[in-house]
Amino acid sequence: MASSPPYPPHPGAAPGSTLRHPHWWQRPAVRYGAMVTLLALSGLVILALVREQTGTQGFLVGLGLAVLPVPLLLAAFRWLGRVEPGPWRNLLFAFAWGACAAALIAIVANSFATRWIATTTADPAGADTLGATVIAPVVEETAKAAAVLLLFLFRRRDFHGILDGVVAAGFTATGFAFTENVLYLGNAFGTDQLTGGSGIASVTAATFFVRVVMSPFAHPLFTVLTGIGFGAAALAADRQRVRRVLLPLAGLLLAMGMHALWNGSATLGQFGFIAVYGAFMVPTFGLLTWLVVWTRQRELRTVRTELPAYAVAGWLRPSEPFALGSMRARRLARKFAREHGGRPAARAVSQYEVYATQLAFLRHRGRAGKAGADFVTRERELLLELWHRRQAARPALEHAARLTAPRVPYGAGWAYGPVPAVWPPQGQPPYPAYGENPYRR
């Protein structure tokens, strides 16, 4: 059995060459520090603004009620991204950006624009309507889209397709909706304190029912359209620059339009709101749910289709492509590793699954002619990551495959999984050769 990867280790810099050191502002620590500082300051400012508008008691009530749908929404988006889960730091950034930076931009910009329109037109009621139906959708969706854009630009290796865009947009919008709900529920509680409202007939109960019970998915639904645009752009080839720009813009415009329609329904009376909710919001939510679930299954099929080539080459065992293309098998593999090797083994299996999925997506883009110039380097990096974790992952995935894969006849005996191959490999793997891009056109 092979004991070392057939690819040579990274050669590093050429002899005699000098490596260029990045400028101080290009260092990861500086960028992380600047982003954390920006989000922390935004959080402190938004906290002060919301508390000033709602009062301490109203803020606490709004906070307690607004947090209720957050775990459910985050868990749903995390589940959608389980085929290739992104790093938690990306998701935490997206949520923090939505809850702090995007919310602060929205409050300041919406208030300034509404006051300016009211002063210019001397029509405060018309300014409020225009602000809610035109200004707010543009400002808020642009502010939320900024988080997805930053991840798309600076975390490109973690942004591969539609589901990555959906998850990033969902976390961002959930954070934004959380802060907005704190403000609305806190103000509603303050109104009840002044008018003596309580119970089901109170303004707080009505606000909670509309924003938390009926439409907790509203903001995520709008921003997911932007995320789909960025995800589709990630699937485009590097040379398709026009498509990579137009697709996110189209998604953003759709998000603004849906947001404007939703906000405008409040001006149509009770029946107008119900009509928009039933005729547009619910069907759109159902359609997008079907789309992301179908995309999730398609990604699993991509894993099962692309990885057998690496099994033939000896990098994977014959049963692994099937196991890695099944969420149930993945879960069983992590459970097996945790029971027999503890948390470190389970973590290694989880990382193995992520790297194998990225490898399958990379090869799929290569076969479609959409691989970048770093195809060979990235493929080699992923293969070495798999090789370093093979001792913990292979027994677990083999166990999971035996529990989930159908037995198929193979030669004189039986084998597990749909793609049998010879193991151990004999000599050097025939695919792919180091430094060679078989998909270069």
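Me: How many cavities of 30 Å³ or more does the count give?
Reply: This is a predicted model, where local features need pLDDT of at least 70, side-chain atom pairs count only at pLDDT 80 or more, and totals for chains, interfaces and linings use all residues. Residues are numbered from 1 along each chain as its sequence is written, and side-chain values use heavy atoms, without hydrogens and water. A cavity is a set of points, on a 1 Å grid over the protein atoms alone, where a 1.4 Å probe fits but cannot get out. With the 30 Å³ cut-off, the count is two.

Me: How much space lies in the largest cavity?
Reply: Grid points are joined across faces, edges and corners, and a volume is the space filled by probe spheres set on the points. For the largest cavity this gives about 150 Å³.

Me: Which of its lining residues are closest to the centre of the largest cavity?
Reply: Lining residues have an atom within 4 Å of a point. The largest cavity has 15 of them; the closest to its centre are Gly-86, Asn-90, Leu-91, Asp-158 and Asp-164.

Me: Which helix supplies the largest share of the lining of the largest cavity?
Reply: Helices are DSSP runs (H or I, at least four residues), numbered from the N terminus. H3 (88-121) and H5 (162-195) each supply at least two residues. The largest share is three residues, from H5.

Me: Which residues line the second largest cavity?
Reply: About 40 Å³ of space lies in this cavity. H5 gives the most to its lining, with three residues. The lining consists of Gly-81, Glu-84, Leu-163, Asp-164, Val-167 and Glu-299.

Note on methods:
On a 1 Å grid over the protein atoms alone, a cavity is a set of points where a 1.4 Å probe fits but cannot get out, and a pocket is an open set with protein on both sides within 12 Å along at least five of seven lines; lining residues have an atom within 4 Å of a point.
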